[in-house]
Amino acid sequence: MIIRAVEIKEFDFTEYGFYYNMLDDQHDVMHCQTDVFEDHMTRSPLIDAPAHLGYTIGQSAPYVLQSMEKHDHTMEALFCMSEPVIVCFAKSRGTLPPQAEDVRSVILRQGDVIVLARNIWHDAGHGVGKPASYYYLASRGASPAEWVSVEGPAVNVVY
């Protein structure tokens with residue numbers, strides 16, 4: 001099965017968490033500009049608990065999605081700083097592993113931020129045609145996250 005990543009701006013992310021366009025959002029983001037800098041800040045805290053900052057270097061896409069993780073103890077915010085990042089995610093079906101038919105994929109571009117709700121399956125981000133790095137914000141759990149194989153047909157992620 002082939003999943004084509006779509007631009008986050010064209011995807012309704014509300015079932016999975018929150019999306020912020022840090023550069024253009026006039027409702028949920030405050031903006032300040034002077035002669036020497038621009039500043040863009042969310043009006044509300046990103047996640048609902050004290051958090052740790054993480055940094056991931058993701059492999060390039062296209063790729064075959066092998067496994068995903070989810071967290072019941074934290075939300076997770078992912079920040080695209082410069083290079084585009086592809087992120088796959090899926091709703092949870094309770095105790096079932098992630099299901100191939102539930103997988104969705106988006107492309108984050110500079111200034112895009114997504115905040116995954118608790119218990120949303122997701123993989124590490126991948127670069128568009130080359131490796132890419134990004135920051136994330138999440139509360140660290142008592143043990144490392146468990147990565148679970150995706151059930152169903154192979155998921156080929158393309159852009």
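Guide: In the largest nonpolar core, which has 17 residues, those that touch the most other members are Leu65, Met68, Cys88, Val103, Val155 and Val157. Two or more residues each come from strand 8 (63-65), strand 11 (85-90) and strand 18 (155-158), and strand 11 gives the most, with 3 residues. A nonpolar core here is a set of buried Ala, Val, Leu, Ile, Met, Phe, Trp, Tyr and Cys residues joined through side-chain atoms within 4.5 Å. Buried means under 20% relative accessible area, exposed over 50%, and partly exposed in between (1.4 Å probe, protein chains only). Strands (E, at least two residues) and helices (H or I, at least four) are DSSP runs numbered from the N terminus.

The model is predicted, so local features need pLDDT of at least 70 and side-chain atom pairs count only at pLDDT 80 or more, while totals for chains, interfaces and linings use all residues. Residues are numbered from 1 along each chain as its sequence is written, and side-chain values use heavy atoms, with hydrogens and water left out.

Cysteine 88 is one of the core members named above. Beyond its neighbours within four places in sequence, cysteine 88 has contacts (heavy atoms within 4.5 Å) with Tyr63, Leu65, Met68, Val103, Arg104, Ser105, Trp121, His122, Asp123 and Val157. A separate second core has 15 residues, among them Phe13, Val87, Leu108 and Ile114.

Aromatic rings come next. The whole structure holds 6 aromatic pairs, where rings of Phe, Tyr and Trp (its six-membered ring) pair if their centres lie within 6.5 Å, and planes under 30 degrees apart count as stacked, over 60 as edge-to-face and the rest as tilted. Phenylalanine 11 and phenylalanine 89 are edge-to-face, because their ring centres are 5.7 Å apart and their planes stand at 70°. Phenylalanine 11 is in the loop between strand 2 (6-7) and strand 3 (17-21) and phenylalanine 89 is in strand 11, so this pair ties together parts 78 residues apart in sequence. Phenylalanine 11 counts as partly exposed, at 21% relative accessibility, whereas phenylalanine 89 is buried at 0%. A second pair, tyrosine 55 with tyrosine 135, is tilted, at 5.0 Å centre to centre and 50° between the planes. Tyrosine 55 is in strand 6 and tyrosine 135 in strand 16, 80 residues apart. Tyrosine 55 is partly exposed with a relative accessible area of 46%, and tyrosine 135 is partly exposed at 36%. Phe11, Phe13, Tyr16 and Phe89 are linked into a cluster by ring pairs.

Strand 6 (52-58) and strand 16 (132-138) each also supply at least two residues of the lining of the largest pocket, and strand 6 gives the largest share, 4 residues. The volume of the largest pocket is about 470 Å³. Of its 26 lining residues, Glu69, His71, Glu76, Tyr136 and Ala145 are the closest to the centre. A pocket is an open set of points on a 1 Å grid over the protein atoms alone, where a 1.4 Å probe fits, with protein on both sides within 12 Å along at least five of seven lines; lining residues have an atom within 4 Å of a point. Points are joined across faces, edges and corners, and the volume is the space filled by probe spheres set on them.

One backbone detail remains: the peptide bond from alanine 61 to proline 62 is cis, with omega near 5°.
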